[in-house]
Amino acid sequence: MPLKEDDKAPAFELPDQDGKVRTILDWAGKWLLVYFYPKDDTPGCTKEACSFQAQIPDFGKAGLDVVGISVDTVESHKKFAGKYKLKFPLLSDEQKEVVDLYGVWGKKTFMGKESMGVIRSSFLINPEGHI
């Protein structure tokens, strides 16, 4: 069943681009924007990440943190974050557990070809841990 407003945000525990394990509890009591994206260093995902990066000062003033999640490896995230000087965590969900919990793993169509993958999605989580 898809997540909806007021649902409790599913917990996660994933490594970031530096290999540090992060959990949703790291942001307990804060506003958090969790965005799921298909693949590091692709045109759409790069544009999205750089857009979030550009808004970090405004997000910070509003008390909002940002975290990106994809099924790419920690190493891939490290290269992507370094290349674009991203100052927020990118979490690696290689086992596809968190993308499944959030309902963002599914059938996609690109250039007429169907495949399974991450469906670009964002969730705003309030300080009480609800979407």
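Two strands are taken to pair if DSSP finds at least two bridges between them. In this predicted model, five bridges join strand 3 to strand 8, residues 121-125, and these two strands run antiparallel. Strand 3 is also joined to strand 4, residues 64-70, by six bridges, and here the strands run parallel. In general, the strands of a sheet pair through backbone hydrogen bonds, in either a parallel or an antiparallel arrangement.

Phe 36 stands opposite Ile 69 in strand 4, and the bridge partner of Phe 36 in strand 8 is Ser 121. Leu 32 has Ile 125 as its bridge partner in strand 8. Strand 3 covers residues 31-36, and because five of these six residues are buried, the strand is largely enclosed by the rest of the structure. In a regular strand, side chains alternate between the two faces of the sheet.

The structure holds eight salt bridges. One of them joins the side chains of Arg 22 and Asp 16, with an N to O distance of 3.1 Å. The cut-off for a buried residue is a relative accessible area under 20%. Arg 22 has a relative accessible area of 17% and is therefore buried. Asp 16, with a value of 2%, is buried as well.

Another salt bridge is formed by the side chains of Lys 30 and Asp 65, at 3.0 Å from N to O. This pair links distant parts of the chain, 35 residues apart: Lys 30 lies in the loop between strand 2 (21-23) and strand 3, whereas Asp 65 lies in strand 4. Lys 30 counts as partly exposed, at 35% relative accessibility. Asp 65 also counts as partly exposed, at 23%.

A further salt bridge is found between Glu 48 and Arg 120, whose closest N and O atoms are 2.7 Å apart. Glu 48 counts as buried, with a relative accessibility of 14%. Arg 120 is partly exposed, with a relative accessible area of 40%.

Arg 120 also takes part in the lining of the largest pocket. About 210 Å³ of space lies in this pocket. Among the other lining residues are Pro 38, Lys 39, Thr 42 and Val 71. Strand 6 (105-110) and strand 7 each supply at least two residues of the lining. The largest share, four residues, comes from strand 6. The lining also includes Trp 105, Lys 108, Thr 109 and Phe 110, together with Met 116, Gly 117 and Val 118.

The backbone was also examined for positive phi angles. Most residues other than glycine have a negative phi. Asp 6 is not a glycine, yet its phi is positive, at about 80°. Asp 6 lies in the segment before strand 1 (13-15), and Asp 6 is exposed, with a relative accessible area of 59%. Asp 41, which is likewise not a glycine, has a positive phi of about 60°. Asp 41 is found in the loop between strand 3 and helix 1. With a relative accessible area of 37%, Asp 41 is partly exposed.

Methods: Residues numbered from 1 in each chain as written. Predicted model: local features only at pLDDT ≥ 70, side-chain atom pairs only at ≥ 80, totals over all residues. Heavy atoms only, no water. Buried < 20%, exposed > 50% of the residue type's maximum accessible area, 1.4 Å probe, protein only. Salt bridge = Lys/Arg side-chain N within 4 Å of Asp/Glu carboxyl O. 1 Å grid on protein atoms, 1.4 Å probe; cavity = no way out; pocket = protein on both sides within 12 Å on 5 of 7 lines; lining within 4 Å. Points joined across faces, edges and corners; volume = space filled by probe spheres on them.
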